Each structure stands twice: as structure tokens, then as C-alpha cells.
Amino acid sequence: MKKLFIILAILGIQLALAQQIFAQGESDTAATSEEVTDTSANAEEEVMEEEEEEAAAAPVAEPEKPVEEQVRGHQLIKKYFIQGGPEFMGIVLVCLILGLAFCIERIISLNLATTNTKKLLASVENEVKAGNIDGAKEICKSNRSPIASIFYQGLDRVDEGIDIVEKSIVSYGSVQMGLLERGLVWIALFIALAPMLGFMGTVIGMIEAFDSIEAAGDISPSLVAGGIKVALLTTVFGLIVAIILQIFYNYIVSKVDGIVNDMEDASISFVDILVKNNAVSKK
């Protein structure tokens, strides 16, 4: 009987211990599940906050604007020319056309006036050595250069003495120099006139802009910008025309200087040929 009570007591103790352990396990499980739930909730909140921050930091996409047609080359020049107004822009354009016409004419004439001076001198010297003054004249007449014309004038006066020949060469050289420089005055005029017309258009455009301000009684940027833009366009085109013509003018002047230097050197050599070959009358 005692053994039975002891066994029952032991079983009761074990049962009580088992219930206590089970209760502790449930409480631990509940605590763990609560912790897991709290952790998940916090993680979701953090993710939501990060997404909100990224959305706030992301740049706002601007609405797409219509792509404007790009105007380049001569279309751009045509556009600004029309915007500059036909009055002064037309006059500046006329200056450019006339100036270029004079430049082209001078360039063609100077290229035709250029010749091989050494070859011409050698041909004339051969005829003078042979005593054939008329043959030397024919060679000079067949050549279109101003140097050949000077030689012809000298050969035409070999019977009047060396002094007359030299004076004739110097005088006719001055005439030929004037012919070479023909038209340069007009080119220089257009070079000076084009920017002045541009500046005049600028001044008139500014006056119109101030008139618009006075009439409106307000300094609106859109009101002033139009007049100032037109004013500046005339100046720009005037300067462009002057720059283009100035480049051609300098080229032509350098070409004339080269031909004049050849004329002077060839004239000295020509007189020496006449004296060396006794082709000049001793008066």
C-alpha cells in the first residue's frame, strides 16, 4: 500500500513538472511569435519609409516639349536677314554685291596681267641682239601684261636717246600702275559703307524700341527685345560684309604690289639690255 502511495506521489510530481514545462514552452512560443510579428512589422515600415524617401528624392520628369525644327546654313542667314528688316539689310546686301563684283573684276584682270617676266626679257633681248627692234615690238604687242606695254614704249623711242627712253618707261609705268589699282577706291568705299549702314540701322532700331517703351508706358522684356534684336542684326550683317570685302581688298593690293615690283625690276633690266647692245641712239 505504501508503495502504491509512493508511486502515485511520484506520478503526481512528474505530471506537475510536465504541466509547468508545457506552460513555460507555450509562454516562450507566444513571446517568440510576438517578437517575430514585431520584427516583420518594423521591417515593413522601414521598407515603406525607404520607398517614400526614394520617391521623394527621384527627379520629377518634365513633360516632353515639342522638338523645334533646327534651321542652319543659308536658311539661318535668310531668317535673320528677313528679321533685320528690308531697308538697311537690302542696302547692305547691295554693298556686298557691288563690292564682290569689283573684286572679281580686279582679280581676273590682275591674273591676266601677270606674266613670266624672265621669259619676256629673254625674248626681247634676243631680238635686240639681232638688231630687230620691230621684232621686239611685235613680241611686246602680243603680250597683254603691263610690263610688255612698258617695254613697247621704250622700244618705240630708242631713236630719241636713253634719257627719253627712261622717262618714257617711268611715265608709262605710272599709267600702268594706275590701271592696276583701278576699282580699289570703290571696294574701299563699300568696306567703309557697309558697317556704317549697319550702325545706322542699329541706332534707328534702338529709337524704335524706346518709342515702343514710351507708347506702352512699361519696360517689358518682350517689348524691348524685338527692337534691339533687329538693331543688332543690321550691325552684324554690315560687319560681315566689311570683313568679306576687306579680305578680297588685301589680296588685290598684295597682287598689285607684286606686279609693280616686277615692273620696276624688269624696267631696269630692259634699259641695261638696250645699253649693252647699243640699241639706243646716242643723242
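The model is predicted, so local features need pLDDT of at least 70 and side-chain atom pairs count only at pLDDT 80 or more, while totals for chains, interfaces and linings use all residues. Residues are numbered from 1 along each chain as its sequence is written, and side-chain values use heavy atoms, with hydrogens and water left out. The largest pocket holds about 230 Å³ of space, and the structure has 3 salt bridges and 3 aromatic pairs.

**Pockets**

- A pocket is an open set of points on a 1 Å grid over the protein atoms alone, with protein on both sides within 12 Å along at least five of seven lines; lining residues have an atom within 4 Å of a point.
- Grid points are joined across faces, edges and corners, and a volume is the space filled by probe spheres set on the points.
- The lining of the largest pocket consists of Arg-106, Ser-109, Leu-110, Leu-112, Ala-113, Arg-144, Pro-146, Gln-176, Leu-179, Leu-180 and Arg-182.
- At least two lining residues of the largest pocket come from each of helix H3 (86-113) and helix H7 (162-180), and H3 gives the most, with 5 residues. Helices here are DSSP runs (H or I, at least four residues), numbered from the N terminus.
- This lining has 6 nonpolar, 2 polar and 3 charged residues. The classes are nonpolar (Ala, Val, Leu, Ile, Met, Phe, Trp, Tyr, Cys and Pro), charged (Asp, Glu, Lys and Arg) and polar (the others, Gly among them).
- The second largest pocket contains about 150 Å³ of space. Ile-77, Phe-81, Met-89, Val-92, Leu-93, Leu-96, Phe-237, Ile-240, Val-241 and Ile-244 line the second largest pocket, and they divide into 10 nonpolar, no polar and no charged.
- Helix H2 (74-83), H3 and helix H9 (221-276) each contribute at least two residues to the lining of the second largest pocket.

**Cavity**

- The whole structure has 1 cavity of 30 Å³ or more, a cavity being a set of grid points where a 1.4 Å probe fits but cannot get out.
- The volume of the largest cavity is about 40 Å³.
- Its lining is made up of Ala-113, Thr-114, Thr-115, Thr-117, Ile-147, Ile-259 and Asp-262; by class there are 3 nonpolar, 3 polar and 1 charged.

**Helix H6**

- Helix H6 (residues 146-155) is largely enclosed by the rest of the structure, because 8 of its 10 residues are buried. Buried means under 20% relative accessible area, exposed over 50%, and partly exposed in between (1.4 Å probe, protein chains only).
- The buried residues of H6 are Pro-146, Ile-147, Ala-148, Ile-150, Phe-151, Gln-153, Gly-154 and Leu-155.

**Salt bridges**

- A salt bridge is a side-chain nitrogen of Lys or Arg within 4 Å of a carboxyl oxygen of Asp or Glu.
- Arg-106 pairs with Glu-105 in a salt bridge, with the closest N and O atoms 3.0 Å apart. Arg-106 is buried at 2% relative accessibility, whereas Glu-105 is partly exposed at 32%.
- Lys-276 and Glu-125 form a salt bridge at 3.3 Å, N to O. Lys-276 lies in helix H9 and Glu-125 in helix H4 (residues 117-129), so this pair ties together parts 151 residues apart in sequence. Lys-276 is exposed at 56% relative accessibility, while Glu-125 is buried at 18%.
- Lys-137 and Asp-156 form a salt bridge at 3.1 Å, N to O. Lys-137 is in helix H5 (residues 133-141) and Asp-156 in the loop between H6 and H7, so the pair ties together parts 19 residues apart in sequence. Lys-137 is buried, with a relative accessible area of 16%, and Asp-156 is partly exposed, with 38%.

**Aromatic pairs**

- The structure holds 3 aromatic pairs. Rings of Phe, Tyr and Trp (its six-membered ring) pair if their centres lie within 6.5 Å; planes under 30 degrees apart count as stacked, over 60 as edge-to-face and the rest as tilted.
- Phe-102 and Trp-186 are stacked, at 6.3 Å centre to centre and 15° between the planes. Phe-102 lies in helix H3 and Trp-186 in helix H8 (residues 184-216), so the pair ties together parts 84 residues apart in sequence.
- Phe-102 is partly exposed at 27% relative accessibility, and Trp-186 is partly exposed at 47%.
- Phe-102 and Phe-190 have ring centres 6.3 Å apart and planes at 40°, so the pair is tilted. Phe-190 is in helix H8 and Phe-102 in helix H3, so the pair ties together parts 88 residues apart in sequence.
- Phe-190 is buried at 7% relative accessibility.
- Phe-102, Trp-186 and Phe-190 make up one aromatic cluster.
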